Amino acid sequence: TQCVSGCVCPGNQVLDDKGGCIAAEDCPCVHNGNSYHPGESIRVGCNNCTCINRKWHCSEEPCLETCSVYGDGHYTTFDGKRFDFEGDCEYVLVQNYCGKKSLNQGTFRVITENIPCGTTGTTCSKSIKVFMGNYELVLSDGHSDVIQRTPGGKMPFQIRSMGIYLVVDTNVGLILMWDKKTSIFIKLSPGFKGHVCGLCGNYDGNGNNDFTTRSQSVVGNVLEFGNSWKVSSTCPNANRTKDPCAANPYRSSWAQKQCSIITSEVFAKCHSQVEPNEYYQACVNDACACDTGGDCECFCTAVAAYAQACNELDICISWRTPSICPLFCDYYN
């Protein structure tokens, strides 16, 4: 609450943040530094919260959790564990073909194909493949292609555009948001909690055991974890890559200056809700690493990933300008 009791106010009245006296039940509620009057509602995730008697009263609908992959191999699992993994291969992002189940007992599999995007060994997602039933959806080169492997059966997903994203809605509680470049956001319904596996983790609410390998063992090494989810055993194992800013020192100061927007006042509303330093460091690494062209695109993707994380918590930041990662609104409208 932003109200305080004091002897200057009569009866059960209290001081508000402007120095006036109001009834205690008229005190506002606070969310992300903003005040809301009694009776006002806000959206938090998939739930509505209403300010009543200085406290938020929220609905308790189960929400979809998100796994994100962006830029030069930056991952955040469904349970919120962040890690970097850079391998030149196809990898399972998420599937419900896990444990001792036979392949025909699962309903979906999402795979990312990574390719080098710089000279220091960094890799970016080139394409996303979604397997459901007898259908395969390929997201690559800014386009989506549907492949029906055997005749029959209704297509299990719908594809639509939403701003800069291509959104894939499925009939099993899986949603994908793709920026048509190197960012993918995978949302999964609570019914899959504890029943999925892959680089996105096991979605059991505990980030400490997200490094679960294909053989169902929990490891502490990100390379061992990531390499276990190769689609093809003939791919080489990923190794630690060079520090891109040390390898390209001439890009380091430019990268730090550009990426400082993440820790600046522009995103101040979000800093207390989404820790910015890891996103800033990922941005610097990406801006240094993309040394074969597309350096501005790598920077913009990294900042957009932080903006999207803020947006997931209903903190909308207007950060693009005509000189910083502009969008041509007429095209997207």
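A disulfide joins Cys-67 to Cys-200, with an S to S distance of 2.0 Å. The structure described here is a predicted model. The torsion about the S-S bond of Cys-67 and Cys-200 is about -75°, so this disulfide is left-handed. Cys-67 lies in strand β8 (residues 65–70), whereas Cys-200 is in the loop between β19 (184–188) and α1; the pair therefore ties together parts that are 133 residues apart in sequence.

In total, ten disulfides are counted in the model. A disulfide is a covalent bond between the sulfur atoms of two cysteines. Two further examples, besides the pair above, are described here. Cys-89 and Cys-235 form a disulfide in which the sulfur atoms are 2.3 Å apart. The angle about the S-S bond of Cys-89 and Cys-235 is 90°, and the link is right-handed. Distant parts of the chain are linked by this pair, as Cys-89 is in the loop between β10 (82–84) and β11 (90–95) and Cys-235 is in the loop between α1 and α2 (244–247), 146 residues apart. Cys-89 and Cys-235 are both buried.

Cys-98 is likewise joined by a disulfide, to Cys-197, with an S to S distance of 2.0 Å. The link of Cys-98 and Cys-197 is left-handed, with -100° about the S-S bond. Since Cys-98 lies in the loop between β11 and β12 (109–116) and Cys-197 in the loop between β19 and α1, the pair ties together parts that are 99 residues apart in sequence. Cys-98 counts as buried at 13% relative accessibility, and Cys-197 is buried with a relative accessible area of 6%.

Cys-316 presents another case. The closest cysteine sulfur to that of Cys-316 belongs to Cys-310 and is 9.4 Å away, which is too far for a bond because a disulfide requires sulfur atoms within 2.5 Å. Cys-316 counts as exposed, at 55% relative accessibility.

The secondary structure of the protein comprises seven helices and 19 strands. Of the 333 residues in the protein, 47% are buried. Among contacts with a sequence separation of 6 or more, 48% are between residues 24 or more positions apart.

Burial was examined along helix α3 (residues 249–259), in which Arg-251, Ser-252, Ala-255 and Cys-259 are buried. These residues cover an arc of only 115° around the axis, which puts them on the same side of α3. Tyr-250, Ser-253 and Lys-257, on the other side of α3, are exposed.

Individual positions were also considered. Asn-227 is found in helix α1 (residues 222–227) and counts as buried, at 13% relative accessibility. When residues up to four places away in sequence are not counted, Asn-227 touches Phe-85, Asn-237 and Ala-238. Gly-33, by contrast, is found in the loop between β3 (29–31) and β4 (34–36) and counts as exposed, at 63% relative accessibility. The C-alpha atoms of Gly-33 and Lys-269 are separated by 7.4 Å, although the two residues are 236 residues apart along the chain.

The largest pocket has a volume of about 1,300 Å³. This pocket is lined by 46 residues, of which Gln-308, Ala-309, Asn-311, Glu-312 and Leu-313 are the closest to its centre. The elements that give two or more residues to the lining of the largest pocket are β8, β19, α5 (277–289), α6 (295–312) and α7 (329–332). Helix α6 gives the most to this lining, with seven residues. By class, the lining of the largest pocket consists of 25 nonpolar, eleven polar and ten charged residues.

Conventions:
Residues are numbered from 1 along each chain as its sequence is written. This is a predicted model: local features need pLDDT of at least 70, side-chain atom pairs count only at pLDDT 80 or more; totals for chains, interfaces and linings use all residues. Side-chain values use heavy atoms; hydrogens and water are left out. Buried means under 20% relative accessible area, exposed over 50%, partly exposed in between (1.4 Å probe, protein chains only). Helices (H or I, at least four residues) and strands (E, at least two) are DSSP runs, numbered from the N terminus. The arc is that of the directions from the helix axis to the C-beta atoms. Contact means heavy atoms within 4.5 Å. On a 1 Å grid over the protein atoms alone, a cavity is a set of points where a 1.4 Å probe fits but cannot get out, and a pocket is an open set with protein on both sides within 12 Å along at least five of seven lines; lining residues have an atom within 4 Å of a point. Grid points are joined across faces, edges and corners, and a volume is the space filled by probe spheres set on the points. Ala, Val, Leu, Ile, Met, Phe, Trp, Tyr, Cys and Pro count as nonpolar, Asp, Glu, Lys and Arg as charged, and the others, Gly among them, as polar.
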